[in-house]
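Me: Hi! I have a structure open here and would like to talk it through with you. Could you take a look?

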Amino acid sequence: MEFSKRYNIPRNKCEIQFREEAPDFFRSYLLLLMYPYMGLKRLRSIVCRATMEAPDPNNWGENDFMKSEIEQLIADAEWYQVYDTIELFADSLTFEAYSKFEIELNEYFEGKGFGWKLQNRILEVRGDDSFELSLKQAHQTLVNSNVPTSANEIKEAIRDLSRRPEPEITGAIQHSVAALECLSRNVTGDHKMTLGQLIKENPQIVPQPLNDVVNKLFGFASIKGRHLNEGNNPTYEEAELVVHLSAALCNYLCKTQRIELNKS
């Protein structure tokens with residue numbers, strides 16, 4: 001066990017700097033993480049699948065030549081193929097080995113400012129601590145409150161933000177607001193109204209004037225997530241904000257409307 005872990009010294013977390021890129025220093029370190037888990041032939045097969053390249057038939061021995069071939073494949077790969085490699089590699093590991101690799105990789109992502117996290121063998125988008133906490137609490141609270149549809153919508157919003165090479169920004173907005181709309185319908189008992197109508201007819205479920213925020217959130221989602229105009233595409237940061245707000249509001253409604261939800 002390393003010194004810092006042995007003495008329980010917290011590791012520094014870096015502000016997120018990288019999402020749609022795989023810098024050279026990351027590619028090199030990733031291979032250092034992977035080498036101890038399997039032989040070079042098996043690792044080369046995974047890298048070749050991710051990069052859609054055939055292995056060099058002249059490199060048949062597990063030696064420095066094969067190692068150089070793997071390193072060159074990773075160096076030449078598109079940035080998203082590097083992340084494809086991670087998922088294929090993670091999927092090939094035993095449960096015990098995967099658990100160790102997940103911890104090692106996520107510590108690296110946090111320490112070096114990468115906006116990703118490996119979870120259940122799949123890479124998902126990672127935000128700052130408040131974003132992560134909000135999503136985690138919202139999803140768990142929705143599951144505990146027996147509203148699986150809303151919980152699934154939040155999960156789909158996260159998946160849309162995580163899609164690569166291009167995130168599904170409008171999908172993330174739609175799914176996150178759909179989670180809030182579905183939950184609001186559950187709370188009010190009206191399963192036909194839109195979120196905007198529900199808040200207008202039931203302003204008490206969200207403290208005033210925060211109900212105006214929900215109305216504007218619904219309006220933004222309608223303009224940016226459902227009825228797009230040319231040149232009016234939402235940004236990744238806007239989608240992240242909508243997901244964050246929707247998750248926080250879902251968490252609030254679950255906690256304040258617990259009795260009503262448990263009766264449904």
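**Walking through the model**

Reply: Happy to. Let's start at Glu 21, which sits in the loop between helix H1 (3-6) and helix H2 (24-34). Keep in mind that this is a predicted model.

Me: OK, is Glu 21 buried, exposed or partly exposed?

Reply: Glu 21 counts as partly exposed, because its relative accessibility is 36%, and the cut-offs are under 20% for buried and over 50% for exposed.

Me: Let me zoom out. How many helices and strands are in the chain?

Reply: The chain has 13 helices and two strands. Its C-alpha trace spans about 70 × 50 × 30 Å along the principal axes.

Me: What share of the residues count as buried?

Reply: The figure is 46% of the 264 residues. On contacts, if you take those between residues at least 6 apart in sequence, 64% join residues at least 24 apart.

Me: Now the helices. How do H3 and H4 cross?

Reply: Helix H3 (residues 40-51) and helix H4 (residues 64-76) have axes that come within 10 Å and cross at roughly 25°. That angle makes H3 roughly parallel to H4, since angles under 35 degrees count that way. The crossing of H3 past H4 is left-handed.

Me: Which residues meet there, in H3 and in H4?

Reply: From H3 you have Leu 40, Lys 41, Leu 43, Arg 44, Val 47, Cys 48 and Thr 51, and they meet Met 66, Lys 67, Glu 69, Ile 70, Leu 73 and Ile 74 of H4. By class, the residues of this contact of H3 with H4 are eight nonpolar, one polar and four charged.

Me: What about H3 and H5, at what angle do they pack?

Reply: H3 and helix H5 (residues 79-92) pack at an angle of about 135°, and their axes are 8 Å apart. H3 and H5 are therefore oblique to each other, because an angle has to be over 145 degrees to count as roughly antiparallel. H3 passes H5 in a right-handed crossing.

Me: Which residues of H3 meet H5?

Reply: On the H3 side they are Arg 42, Leu 43, Ile 46, Val 47, Arg 49, Ala 50 and Thr 51. Their partners in H5 are Gln 81, Asp 84, Thr 85, Leu 88, Phe 89 and Ser 92. The contact of H3 with H5 holds six nonpolar, four polar and three charged residues.

Me: Moving past H3, where is Met 52?

Reply: Met 52 is in the loop between H3 and H4. Its phi is near 60°, which is a positive value in a residue other than glycine. Met 52 counts as exposed, because its relative accessibility is 69%.

Me: I also clicked on Asn 146. Where does it lie?

Reply: Asn 146 lies in the loop between helix H7 (129-144) and helix H8 (148-162). Asn 146 has a positive phi too, near 60°. With a relative accessible area of 53%, Asn 146 is exposed.

Me: Now the strands. In what sense do E1 and E2 pair?

Reply: Strand E1 (residues 116-119) and strand E2 (residues 122-125) pair in the antiparallel sense, over four bridges. Leu 118 stands opposite Leu 123 of E2. Two residues lie between the strands of this hairpin, and Asn 120 takes a positive phi near 55° there.

Me: Which peptide bond is cis?

Reply: The one joining Gln 208 and Pro 209, where omega is about 5°. To find Pro 209, look in the loop between helix H10 (195-201) and helix H11 (210-226).

Me: Last one: is Ser 184 buried or exposed?

Reply: Ser 184 is buried, because its relative accessible area is 1%. Ser 184 belongs to helix H9 (residues 169-188). Leaving aside neighbours within four places in sequence, Ser 184 is in contact with Leu 195, Leu 198, Ile 205 and Leu 253.

Conventions: Residues are numbered from 1 along each chain as its sequence is written. This is a predicted model: local features need pLDDT of at least 70, side-chain atom pairs count only at pLDDT 80 or more; totals for chains, interfaces and linings use all residues. Side-chain values use heavy atoms; hydrogens and water are left out. Buried means under 20% relative accessible area, exposed over 50%, partly exposed in between (1.4 Å probe, protein chains only). Contact means heavy atoms within 4.5 Å. Two strands pair if DSSP finds at least two bridges between them. Axes are lines fitted to C-alpha atoms, for helices over the stretch in contact, and angles run from 0 to 180 degrees between N-to-C directions. Angles under 35 degrees count as roughly parallel, over 145 as roughly antiparallel, 65 to 115 as roughly perpendicular and the rest as oblique. A crossing is left-handed if the near helix is turned anticlockwise from the far one by less than a right angle, and right-handed if clockwise. Ala, Val, Leu, Ile, Met, Phe, Trp, Tyr, Cys and Pro count as nonpolar, Asp, Glu, Lys and Arg as charged, and the others, Gly among them, as polar.
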